[in-house]
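Dear colleague,

I am passing on the structure below for you to look over, and my notes on what was found in it follow directly after.

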Amino acid sequence: MAHDLVPELLRRATEALEQQFAYLQGQEAAMGRGSESAVGADAMERVLEATAQRLADNYPYFHPLYAGQMLKPPHPVARAAYALAMTINPNNHARDGGRASSDMEVEAVREIASVFGWAQDRYLGHLTSSGTLANLEALWMAGQLAPGKRIVGSEQAHYTHRRISGVLRLDYAAIAADNRGRMDPEALESELRKGDVGAIVVTLGTTAIGAVDPLDEILALRERYSFRVHVDAAYGGYFGLIADELGEPARRAYAAAGQADSIVIDPHKHGLQPYGCGCVLFRDPALARFYKHESPYTYFTSKNPPLHPSEENSFAGRPVHLGEISLECSRAGAAAVALWATQRLLPLVPGGEFARGLSCGRKAARELHQRLRNDPRFETMASGGTKLNLEREPELDIVVWKVKAESAERASALAREIFDRCAAKHLHLALVQLPHSWFENLAGARNQGGLVTCLRSVLMKTEHEAWLDRIWDRLSEATGETVGA
């Protein structure tokens, strides 16, 4: 690995933090130093060396040749800030456990909300330990507001929504997707006519192919039917910063995101954060009333103004703590500190350095798609039969392709073999099963239904654009060894 600046920067920052508490006696014990002397540095070193050896049993998620699942290394400043915060180990359930980190969470979440055009503090939002927990809160809220009504989402929506609905004892139904993986508005309207849909999960960036549901068309249906719109942008939410670079359907969807009732985004995906760091936002701050609870020992030390000021949001005249607008109790304040520091260094603004990283990944995905489309050994997703849409480019930064073969079974077998051969060359891809009908040239198997195993690449690292030639060379070589040049 290249020289890592984090240890030295962290050492200096730790010294600066310790100086803030220099007035305390026994500071070494308070900072955890007492336990160091108790066990000895040699023993700790041996354990850490053993830990490093165990961690080697991993894919190189941090490297550009890892282009498989949606795993992106945390930014160095996020790593350092998280480790620095662990010196104190704050708990953002209440200001009693994390004064500074609670404020930093509010500020960081405010910047995320601004990506969707939501005005300062006129929303309800907080960080969560994962996108799953964030989506659970959104669906829980939907169930509170429309008890007895169903949740629906695209058949390509993340599986967690069906699972969460089961946990919450809410009925869930899947809506058909078109051959680009997006929710079909006509199929949705057929379901809405039944009159029992309480909320629709709209995905901006499916985890399989990065498809963007037509949010603008779905919101138009809200004018005729009464339902909540929950946007699951756990993967694709940050692409709103570069919406002008996306295709027209995706641009329209992102432009409409601010009209949603709730939004989930995962900073631990494109947001350069360590796991776990999710975020849930509600457009109406008055929904804080559904979280209201009492604690005999937690919420008494704060004299700050409410985190999300509104008449409806104040609890008996005292400030609202983050734990009072969250289903989770203890939450890592270090996650908020890391996010705050990262956004301080890389603001979430169009045209900024953070947005440039998103653009690099999208450019890499478009270039890989073009190379695959021009290679007779592969098939990209179908164009839908329209000459105006022959390119069928990825909507975000996920690329999927099928190996050309006489049957779905043979194509699936070849994909798995290429996957293994690529891994042997230290190129790590992923596999995904998609409807066979989504592909344009079925090589004499046009009437075959069912699923076909495809290769998949998530090009979410800034470095992927510069590494694309090397990625392509390894893929091409592995394919040649499998199906012939």
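In this predicted model, the contact between helix 6 and helix 12 is made on one side by Ser 101, Met 104, Glu 105, Glu 107, Ala 108, Glu 111 and Ile 112 of helix 6, and on the other by Gly 333, Ala 336, Val 337, Leu 339, Trp 340 and Gln 343 of helix 12. Sorted by class, the residues of this contact are 7 nonpolar, 3 polar and 3 charged.

Beyond its neighbours within four places in sequence, Phe 378 has contacts with Leu 372, Trp 401, Lys 402, Val 403, Lys 404, Trp 472, Leu 475 and Thr 479. Its C-alpha atom is separated by 9.7 Å from that of Ala 411, which is 33 residues away along the chain.

As for the protein as a whole, it has 15 helices and 11 strands, and 53% of its 485 residues are buried. Of the contacts between residues at least 6 apart in sequence, 75% join residues at least 24 apart, while the accessible surface comes to about 22,100 Å², with 51% of it belonging to carbon and sulfur atoms.

Notes: Residues are numbered from 1 along each chain as its sequence is written. This is a predicted model: local features need pLDDT of at least 70, side-chain atom pairs count only at pLDDT 80 or more; totals for chains, interfaces and linings use all residues. Side-chain values use heavy atoms; hydrogens and water are left out. Contact means heavy atoms within 4.5 Å. Helices (H or I, at least four residues) and strands (E, at least two) are DSSP runs, numbered from the N terminus. Ala, Val, Leu, Ile, Met, Phe, Trp, Tyr, Cys and Pro count as nonpolar, Asp, Glu, Lys and Arg as charged, and the others, Gly among them, as polar. Buried means under 20% relative accessible area, exposed over 50%, partly exposed in between (1.4 Å probe, protein chains only). Accessible areas come from the Shrake-Rupley method with a 1.4 Å probe; for residues, only the protein chains shown count as cover.
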